[in-house]
Amino acid sequence: MDSVFITTRKQRIIRELRDYMLIALGMLMYAIGWTVFLLPNDLPSGAVPGIASIVYWATGLPVQYTYLGINGVLLILSLVILGWKFSVKTIYAVFVLSSILPIIQDLTGGESLIHDQPFMACVLGAFFCGGGIGVAFSANGSTGGTDIIAAIVNKYRDITLGRVILEIDKKENGDFLMCDLVIISSSYFVLHDWEKVVYGYVVLFISSFVLDQVVNSARQSVQFFIISKKHEEIGHRINKDLHRGVTFIDGVGCYTGAGVKMMFVLAKKRESTTIFRLIKDIDPNAFVSQSAVIGVYGEGFDKIKYKSKKEHGV
């Protein structure tokens, strides 16, 4: 029992270290995208970095100071709503990014790697920024700013992280809270160039798309068939840790003729890693089959969107 406990604790420590390493990698990617491709080419972005960029272009104040100041307020909300586990990693991410920004700016001298090619700089910058945010989110971290708001909304509503950045408060009638677009549009008052503003819109949409690809779209669902001698323990952990239902199915092995218990589980694609982790912790020899499903409707998943004739006014 002690050896099992020690092994589990070691695994948790390794995972935490891995998460912090991934967050650092994500922040490095974001810093490269922001300060190497976007900032030197006067390409605006959304959220807090967008505000920091505007302040920098207008006053010359280094972006890390504005970034830290705004995030200080948002981190208080993160502590209250998302809890210490998410917030500590977010604080770490904000600290790492703020530390990396001046280093990269000093190394590059504020010069862009791509001259006279704003569209290519736009695409590469968006790719690095979106990928960096995605890596941070996959490790339960965040770059702060709008990402904190996105994580709060994503916690209570079934909307992908990339869509939350664009549609933080989507309603039934299709209204959107376009805070990022407002930030990018306001950069015109400093840059006086609508072409740059349009490039900013492109940065926003590309980075949102890359973000969704990295963290796996939250609307995608998967199904698991799991065969294990420790089915009760695995099922209990899935119930407790993921709040997902588990169905036990009686089966018979064709070759051995022995009875087996097979578990049927439906979960969000983003939860796949957690399910594989706990299965490996409990029974590394378990047989697991995972497949994508087109749609899952019911409690904990999407709502059935069928409308009756009465609702259509027929």
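This is a predicted model: local features need pLDDT of at least 70, side-chain atom pairs count only at pLDDT 80 or more; totals for chains, interfaces and linings use all residues.
The largest nonpolar core contains 40 residues. Within this core, M27, W34 and L97 touch the most other members. Six helices each supply at least two of the core residues: α1 (2–38), α2 (47–59), α3 (63–81), α4 (83–108), α5 (118–138) and α10. The largest share comes from α1, with 10 residues. Nonpolar side chains tend to be buried together in soluble globular proteins. The contacts of M27 illustrate the packing. A second core is separate and has 15 residues. Among them are I234, I238, I279 and A286.

The sheet is open and consists of 4 strands. Their order is β2-β3-β1-β4, with antiparallel pairing. The edges are formed by β2 and β4 (287–293), each of which pairs on one side only. On average, neighbouring strands are turned by 20 degrees against each other, direction ignored. Strand β1 (residues 221–227) pairs with β4 in the antiparallel sense over 7 bridges. I226 has V288 in β4 as its bridge partner.

Aromatic pairs number 10 in the structure. One of them joins F127 and F128, whose ring centres are 6.0 Å apart. The planes of these two rings stand at 85 degrees. An angle over 60 degrees counts as edge-to-face, so the F127 and F128 pair belongs to that class. Both residues are partly exposed: F127 has a relative accessibility of 46%, and F128 has 23%. A second pair is formed by F225 and F264, with ring centres 5.2 Å apart. Here the planes meet at 40 degrees, so the pair is tilted. F225 belongs to strand β1 and F264 to strand β3. The pair therefore ties together parts that are 39 residues apart in sequence. F225 is partly exposed, at 27% relative accessible area. F264 is also partly exposed, at 23%.

Other aromatic residues gather elsewhere. Y30, W34 and Y67 form one aromatic cluster. W34 is also one of the residues that touch the most other members of the largest core. A charge sits over the ring of Y20: the charged end of K89 is 5.7 Å from the ring centre.

Two histidines stand out in the backbone. H192 is not a glycine, yet its phi is positive, at about 55 degrees. H192 is found in the loop between α9 (188–191) and α10 (194–215). Its relative accessible area is 58%, so H192 is exposed. H243 likewise has a positive phi of about 55 degrees without being a glycine. H243 is placed in the loop between α11 (231–242) and β2 (246–252). With 68% relative accessibility, H243 counts as exposed.

Note on methods
Residues are numbered from 1 along each chain as its sequence is written. Side-chain values use heavy atoms; hydrogens and water are left out. Buried means under 20% relative accessible area, exposed over 50%, partly exposed in between (1.4 Å probe, protein chains only). A nonpolar core is a set of buried Ala, Val, Leu, Ile, Met, Phe, Trp, Tyr and Cys residues joined through side-chain atoms within 4.5 Å. Two strands pair if DSSP finds at least two bridges between them. Axes are lines fitted to C-alpha atoms, for helices over the stretch in contact, and angles run from 0 to 180 degrees between N-to-C directions. Rings of Phe, Tyr and Trp (its six-membered ring) pair if their centres lie within 6.5 Å; planes under 30 degrees apart count as stacked, over 60 as edge-to-face and the rest as tilted. A charge sits over a ring if NZ of Lys or CZ of Arg is within 6 Å of the ring centre and within 35 degrees of the ring normal.
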